[in-house]
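These are notes for a colleague who will work from the coordinates. Please read the points below next to the structure.

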Amino acid sequence: MLFLSKNVGILDRLLRVCAGLLLIVLAAKGLIGFWGYIGVVPLLTGVVGNCPAYTLFGVSTCSHNER
């Protein structure tokens with residue numbers, strides 16, 4: 001299935017997971033507003049390794065070895 005193929009590279013995935021977790025923790029502690037829970041999106045795309053926006057625009061940060 002083409003739409004489920006990996007298109008997010010290792011460094012990109014690491015940054016997405018860290019940013020997502022940071023936003024969620026900050027929102028849970030009440031340091032930022034409820035909008036911080038949007039961190040679920042980069043967290044999930046980092047864990048799964050697929051970004052729907054990348055698929056839409058034909059972008060990939062994944063090397064050929066990672067696919």
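1. Tyrosine 37 is partly exposed, at a relative accessible area of 34%; the classes are buried under 20% relative accessible area, exposed over 50% and partly exposed in between, with a 1.4 Å probe and protein chains only. Phenylalanine 34 is exposed, with a relative accessible area of 70%.

2. The model is predicted: local features need pLDDT of at least 70, side-chain atom pairs count only at pLDDT 80 or more, and totals for chains, interfaces and linings use all residues. Residues are numbered from 1 along each chain as its sequence is written, and side-chain values use heavy atoms, with hydrogens and water left out.

3. The structure holds one aromatic pair. Phenylalanine 34 and tyrosine 37 form this pair, which is tilted, with 5.2 Å from centre to centre and 55° between the planes. For such pairs, the rings of Phe, Tyr and Trp (its six-membered ring) must have centres within 6.5 Å; planes under 30 degrees apart count as stacked, over 60 as edge-to-face and the rest as tilted.

4. Helix H1 covers residues 10-28, 19 residues in total, and reaches 27 Å from its first C-alpha to its last, close to the 27 Å expected at 1.5 Å a residue. The expected span is 1.5 Å times one less than the number of residues. Helices (H or I, at least four residues) are DSSP runs, numbered from the N terminus. Just after H1, glycine 30 takes a positive phi of about 80°.

5. Which residues of H1 are buried? They are Asp12, Arg16, Gly20 and Ala27. These residues lie on the same side of H1 because they cover an arc of only 60° around the axis, the arc being that of the directions from the helix axis to the C-beta atoms. The face turned away from the buried side carries the exposed residues Ile10, Leu11, Leu14, Leu15, Leu22 and Ala28.

6. The buried residues of H1 pack against helix H2 (40-48) and helix H3 (52-57), where contact means heavy atoms within 4.5 Å. In H2, Leu43, Thr45 and Gly46 are buried, and the buried residues of H2 pack against H1 and H3. Just after H2, glycine 49 has a positive phi of about 85°.

7. Threonine 45, in helix H2, counts as buried because its relative accessibility is 9%. A polar contact of 2.9 Å joins its side chain to that of arginine 16. A polar contact is a pair of N or O atoms within 3.5 Å; within protein, one must be able to donate a hydrogen and the other to accept it, and residues adjacent in sequence count only if both atoms are side-chain atoms. Not counting residues up to four places away in sequence, threonine 45 touches Arg16, Asn50, Cys51 and Pro52.

8. Arginine 16 lies over the face of tyrosine 54, at 4.9 Å from the ring centre. The criterion is NZ of Lys or CZ of Arg within 6 Å of the ring centre and within 35 degrees of the ring normal. Aspartate 12, in helix H1, is buried with a relative accessible area of 16%. Leaving aside neighbours within four places in sequence, aspartate 12 is in contact with Tyr54 and Thr61.

9. Threonine 55 lies in helix H3 and is partly exposed, with a relative accessible area of 37%. Threonine 55 and serine 5 are 50 residues apart in sequence and 9.0 Å apart in space, C-alpha to C-alpha.

Methods. Helices (H or I, at least four residues) and strands (E, at least two) are DSSP runs, numbered from the N terminus.
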